[in-house]
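Me: Please take a close look at one part of this model. I would like a connected account of what surrounds it and how the neighbouring elements are linked.

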Amino acid sequence: MDLAKEQELCMAVMNLVALEEHLAFTVSKTKKGKYIGLYDAVRKMRSKYMRMIVKNNDGEMWCASKHTLVAAMHLMESGIKFGSSGEKKRAMGLFDDAVETYKVFWLIQEMGGKK
């Protein structure tokens, strides 16, 4: 798989994780179990696409990979919100940190299988 395709899948995984988070909060806030099935379906889909991009399964690297993508996503989202409220300098710092966190994801994948 070429890098551009993997990068797009990373963005899809980030958004699927965001959807999982919103569904979990919805279940908690509404107390409606009908959303649990939807949550499970989204989680299964997210896992399917993670298997396509996560190359390092050493120890806890699967979870570390997921959390690295989630952190990058939340940093980007925060940057967007700060930017839209006029705090451009803070937004730029958050965007820079998001990119650095995203790079960590790829570094983790490169380290997979190496001893």
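**The largest pocket and its helices**

Reply: Helix α3 contributes five residues to the lining of the largest pocket, the largest share. The model is predicted, so that local features need pLDDT of at least 70 and side-chain atom pairs pLDDT 80 or more, while totals for linings use all residues. Numbering starts from 1 along each chain, and side-chain values use heavy atoms, without hydrogens or water.

Two helices (DSSP runs of H or I, at least four residues), α1 (3-30) and α3 (61-84), each give at least two residues to this lining, which consists of A18, E21, H22, F25, M73, H74, E77, S78 and K81. The pocket (an open set on a 1 Å grid, 1.4 Å probe, with protein on both sides within 12 Å along at least five of seven lines, and lining atoms within 4 Å of a point) holds about 160 Å³ of space.

The side chains of E20 and R46 form one at 2.7 Å, N to O; E20 lies in helix α1 and R46 in helix α2, 26 residues apart in the chain, and both are buried (under 20% relative accessible area; exposed is over 50%, partly exposed in between, 1.4 Å probe).

In another, K55 pairs with E6, with 3.1 Å between the closest N and O atoms, joining the loop between α2 (34-53) and α3 to helix α1 across 49 residues. Here E6 is buried at 9% relative accessibility, whereas K55 is partly exposed at 46%.

Conventions:
Grid points are joined across faces, edges and corners, and a volume is the space filled by probe spheres set on the points. A salt bridge is a side-chain nitrogen of Lys or Arg within 4 Å of a carboxyl oxygen of Asp or Glu.
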